[in-house]
Amino acid sequence: MLLAIAGAFFYPSSSKACTGITLKSKDNVTIVARTIEWGGSNLNSQYVVVPRGYAGQSYTPDSLGGMCFKARYGYVGLAVEQKEFVAEGLNEAGLSAGLFYFPGYGKYEEYVVADRKKSIADLQLVPWLLGECKTVDEVKEAVRKVRIINIDPRASTVHWRFADVSGRQLVLEVIDGTCRFYENTLGVLTNSPGFEWQLTNLNNYVNLFPGTAPAQKLGNLCLSSFGAGSGFLGLPGDVTPPSRFVRAAFYQTSAPQQATALETVLQGFQILNNFDIPVGIEFPLGQVPSDIPSATQWTSATDMVNRIIYFRTMYNSAIRSIDLRAIDFSSVHYQAVPMDVTKQQPVEPIPVK
C-alpha cells in the first residue's frame, strides 16, 4: 500500500508544485513560509504531534525495514497521505524542515539491502531530522551518516529546506547519489531545475524593479505606463517552477519589512496568495481528475524563534496555529489529526439589524 501511495503521489507525470519564501521582521525574527500543491487528489493532510522518545523506522523498497530512529526533540509536523510523510515541520529546539518536489533532476543512492540499517526514505527524512537535530549544522552532520533512498524507484525525487533560529537556511539536493548543501541566503525555493540554476536564472530579469517605469521616447511617440507597478513588466506569471521562483524572489525582496513576527507571518500568507494554483490550470481542458477546490492544498508559515507553526488549507482559509511552547513533549502522546474535519470553507453570516 505504501509503495502505491508513494508511486501515485510522487510519480513524475503528475502535476505538483511548492513555493517557499523567507521574511525577517524588524525585531530580527526569521519566518519561513511555503505552499504545497497537488491537483491529482486530496492529500488528506494532517498535523502530527510527536513526543520526545518516539521511535520510528524507515520504509524500504523490499519492506524489510530500514534505519531505526528515536526522537531527541519533540516536534509538530504537517503530513501528507501517511502520518509518517511529514512535508513541513518545526521542532522544540527551533529547527524548521520541509520537503519540496524535485522531479527529473535528483538521484538518490541505490538501495542496498546490506546497508538498510543506515538507509532512510526521502519521505521520512524530515521527521527523522526534526527529531534528531537542533541546528542546520547538525543537519549536515547527520545526513553525512545515512543513505537517502526512494521507497518506490518510479517516484519523483524531492529536495529539502532547513532553517534554524539563527535565520540561516540550507537547501539539500541529492545529485547522482551525492548530497549537496547550498546556503540559501535569498530564502526562496521551488522545484526543478536545481537550486543553483534557479539563482542563475534570476539574471534574466535584471531589468525588473519595484515601482513604475519612467516614460520613454520611441521616435516621435511618448510611451508611458498604464498604471503603477510597471517596473515589473515581464515578470513571469505562469506556474512553472522557474517562473514561480522568479516571482517569489521579487515579491519577497520588495515587501516592506514588518515590525513583529506575527505581522511578518501574516505578510507571508498574503504574499503566498499569489501562488495559489487553480485546479484547472494543471490539466488539459475537461481532464481534471479530482473534485477539490484548489491545487494549493495548504499553506504554512513557521516562526522558529517563538516556536509557532501556522497553516491554512484549501477548505478553510482561516489561519490556525500550534504553539510548541505550550506542549510538554516529555509527556504528550503521539497524535495525528486531520487538518480539516469539515471539508467546506466556513462562511460567516453577518447579521444586519
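The legends below describe close-up views of a predicted model. Because the model is predicted, local features are given only where pLDDT is at least 70 and side-chain atom pairs count only at pLDDT 80 or more, whereas totals for chains, interfaces and linings use all residues. Residues are numbered from 1 along each chain as its sequence is written, and side-chain values use heavy atoms, with hydrogens and water left out.

**View 1. An open sheet of eight strands with antiparallel pairing.**
The strands follow the order β14-β13-β12-β9-β8-β7-β4-β20; here strands (E, at least two residues) and helices (H or I, at least four residues) are DSSP runs numbered from the N terminus, and two strands are said to pair if DSSP finds at least two bridges between them. At the edges lie β14 (178–183) and β20 (335–338), each of which pairs on one side only. From one strand to the next the twist averages 20°, where axes are lines fitted to C-alpha atoms, for helices over the stretch in contact, and angles run from 0 to 180 degrees between N-to-C directions. Within this sheet, β12 pairs with strand β13 (residues 169–175) in the antiparallel sense over four bridges, and Val171 in β13 is the bridge partner of Arg161.

**View 2. A salt bridge between Glu88 and Arg161.**
The closest N and O atoms of Glu88 and Arg161 are 3.6 Å apart, a salt bridge being a side-chain nitrogen of Lys or Arg within 4 Å of a carboxyl oxygen of Asp or Glu. Glu88 lies in strand β8 (residues 86–91) and Arg161 in strand β12 (residues 158–163), so the pair ties together parts that are 73 residues apart in sequence. Both Glu88 and Arg161 are buried; buried means under 20% relative accessible area, exposed over 50%, and partly exposed in between (1.4 Å probe, protein chains only). Arg34 joins Glu88 and Arg161 in a network of salt bridges.

**View 3. Two further salt bridges, Asp152 with Arg154 and Glu84 with Lys83.**
The side chains of Asp152 and Arg154 meet at 2.6 Å, N to O, and Asp152 is buried, with a relative accessible area of 5%. For Glu84 and Lys83 the N to O value is 3.4 Å, and Lys83 is partly exposed at 34% relative accessible area. The count of salt bridges comes to twelve.

**View 4. Strand β18 and its antiparallel partners β17 and β19.**
Strand β18 (residues 308–313) is mostly covered, with six of its six residues buried. Ile308, Tyr310 and Arg312 point one way from β18, while Ile309, Phe311 and Thr313 point the other way. In a regular strand the side chains alternate between the two faces of the sheet. Strand β17 (residues 296–303) pairs with β18 over six bridges, with Thr299 opposite Arg312; in the hairpin of β17 and β18, which has four residues between the strands, Arg307 takes a positive phi near 60°. Four bridges join β18 to strand β19 (residues 320–323), where Asp323 is the bridge partner of Ile308, and the hairpin of β18 and β19 has six residues between its strands.

**View 5. Backbone details at Ser63, Glu81 and Pro193.**
Most residues other than glycine have a negative phi, and most peptide bonds are trans. Ser63, in the loop between β5 (55–57) and β6 (68–70), has a positive phi of about 65° although it is not a glycine, and Ser63 is exposed, with a relative accessible area of 62%. Glu81, in the loop between β7 and β8, likewise has a positive phi of about 65° and counts as partly exposed at 23% relative accessibility. The peptide bond from Ser192 to Pro193 is cis, with omega near 0°, and Pro193 lies in the loop between β14 and α4 (195–201).
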